[in-house]
Amino acid sequence: MSRVVLGAADGDLVLRVKEATDGDVHVLPPGRLPGDPARLFEQLVDGELPEVLLIGPSAPLQEAFTLAARLDVQCPGISVVLLADPTPETWQAAMRAGVRDLLPPTADVGEVRAAVERAGSTAAGRRRVLRPVEETARYTGRVITIASPKGGVGKTTVSTNLAIGLTAAAPQSTVLVDLDVQFGDVASALGLVPEYALPDVVHGPATEDTMVLKTFLTQHPSGLYAVCGAESPAAGDTVTAADVSRLLTSLAREFRYVVVDTAPGLSEQTLAALDRATDVVMVTSMDVPGVRGLRKELDVLRELCMIPAGRHVVMNLADAKGGLSVRDVETAIGTGVDVVLPRSAAVPPSTNAGVPILANGRRDPVVKELRRLVSRFAATPLMKPGRYRAKHRAAS
Ligand SMILES: Nc1ncnc2c1ncn2[C@@H]1O[C@H](COP(=O)(O)OP(=O)(O)OP(=O)(O)O)[C@@H](O)[C@H]1O
Ligand SMILES: [Mg+2]
């Protein structure tokens with residue numbers, strides 16, 4: 001059976017497709033279909049490209065056609081099957097967009113199975129004559145830059161915990177870069193003693209070959225890779241914006257997640273990291289100076305058109321006694337707060353011990369919220385056929 005991904009489907013269609021594929025289907029989370037193949041691939045947990053993309057009837061037709069047309073050009077080894085009312089107009093538009101097959105939304109299990117098999121063998125045929133699809137559509141990792149206007153608001157706490165959480169979702173495929181070039185403390189927050197630091201990684205042989213680059217990274221016992229900060233502020237100052245851009249581009253080719261910790265404010269290195277970012281996590285403390293600073297930084301980034309598509313606001317050190325509410329903060333910054341991390345007495349000792357709180361197995365309200373932050377980036381796990389069958393039997 002071909003590797004199948006299903007999007008824009010309701011619960012009943014999901015069940016039919018699971019039965020038709022013997023459970024071997026990756027179901028995209030509900031919501032809008034990604035319009036861009038790269039975004040679609042980010043949602044696949046193991047980075048392996050599908051042979052068949054099934055688009056359910058919940059997707060607006062125009063969105064389905066746009067994605068199909070882009071896949072047809074960028075990844076011809078993937079066949080798209082659309083479930084929509086098969087009117088002559090829809091057939092015509094579907095064929096023009098490169099959709100391989102059109103099924104009525106009510107198609108039964110047998111019809112779905114036959115369409116998937118047909119689409120799968122077309123995809124396999126195309127793959128034989130084309131270069132391997134992974135080569136042409138090689139997925140680039142997500143670059144997540146953590147930034148804040150002010151110091152001490154929890155950037156390093158957020159970035160180390162996010163990186164540890166993503167490593168659990170993508171073992172050996174997450175790297176954390178300390179771009180606080182003068183006073184970076186990622187190594188200390190992770191309890192690492194690096195052999196090489198940021199300046200070694202951006203100057204010299206590691207820049208020439210990604211295999212060599214990997215040998216310059218420091219490994220954490222969890223499977224996380226790290227580029228630790230410079231040993232001295234002077235050494236850190238040798239790292240330019242161009243060095244940062246080149247490094248992040250190379251890492252994004254090798255890793256699913258590239259998490260970037262930064263210094264407070266908008267240094268040239270931070271701007272370079274924002275320029276390369278797919279996502280920014282803006283961190284603020286829950287007090288008036290912190291919130292004002294964030295407002296100004298968001299305004300500047302908006303003017304520079306440097307807010308990436310993925311924008312996440314984290315309010316840290318939340319404390320009911322401070323006199324500000326989440327609503328006050330949202331009004332002041334003119335945008336929503338996505339994750340609220342409570343002030344917790346368990347965090348400073350974890351920083352001091354060099355063991356991020358997500359790695360030390362503690363139960364604490366801040367752990368739950370950090371997991372929520374991780375889940376904004378980690379893809380939904382692939383449903384394994386065995387697990388599906390066991391569940392299915394239990395339900396019947
Ligand atoms: N939610 C929290 N509850 C309690 N303490 C916290 C919390 N988040 C961070 N801290 C503590 O605040 C201190 C500063 O955090 P952190 O180093 O992550 O900030 P930062 O923004 O990276 O600082 P800098 O700008 O200096 O790099 C640390 O001692 C950390 O343990
Ligand atoms: Mg820091």
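A: The lining of the largest cavity is formed by Thr 156, Thr 157, Thr 160, Asn 161, Ala 189, Val 347, Ser 350, Thr 351, Val 355, Pro 356 and Ile 357. The structure is a predicted model, in which local features need pLDDT of at least 70 and side-chain atom pairs count only at pLDDT 80 or more, while totals for chains, interfaces and linings use all residues. Residues are numbered from 1 along each chain as its sequence is written, chains are lettered from A and ligands numbered from 1 in the order in which they are written, and side-chain values use heavy atoms, with hydrogens and water left out.

A cavity here is a set of points, on a 1 Å grid over the protein atoms alone, where a 1.4 Å probe fits but cannot get out; lining residues have an atom within 4 Å of a point. A volume is the space filled by probe spheres set on the points, which are joined across faces, edges and corners. Searching the whole structure gives 3 cavities of 30 Å³ or more, and the largest holds about 70 Å³ of space.

Two helices, α7 (155-169) and α16 (347-353), each contribute at least two residues to the lining of this largest cavity. The largest share, 4 residues, belongs to α7. Helices (H or I, at least four residues) and strands (E, at least two) are DSSP runs, numbered from the N terminus. By class, this lining has 5 nonpolar, 6 polar and no charged residues. Ala, Val, Leu, Ile, Met, Phe, Trp, Tyr, Cys and Pro count as nonpolar, Asp, Glu, Lys and Arg as charged, and the others, Gly among them, as polar.

The second largest cavity has a volume of about 40 Å³. Its lining consists of Ala 68, Leu 71, Asp 72, Ile 78, Ser 79, Val 80, Gly 98, Arg 100 and Arg 126.

Among the polar contacts (pairs of N or O atoms within 3.5 Å), a polar side-chain atom of Lys 155 lies 2.7 Å from an oxygen atom of ligand 1. A backbone N or O atom of Gly 152 is 3.0 Å from a ligand 1 oxygen atom, and a polar backbone atom of Ser 344 lies 2.9 Å from a nitrogen atom of ligand 1.

Methods: 1 Å grid on protein atoms, 1.4 Å probe; cavity = no way out; pocket = protein on both sides within 12 Å on 5 of 7 lines; lining within 4 Å. Polar contact = N/O pair within 3.5 Å; in protein donor to acceptor, adjacent residues only side chain to side chain.
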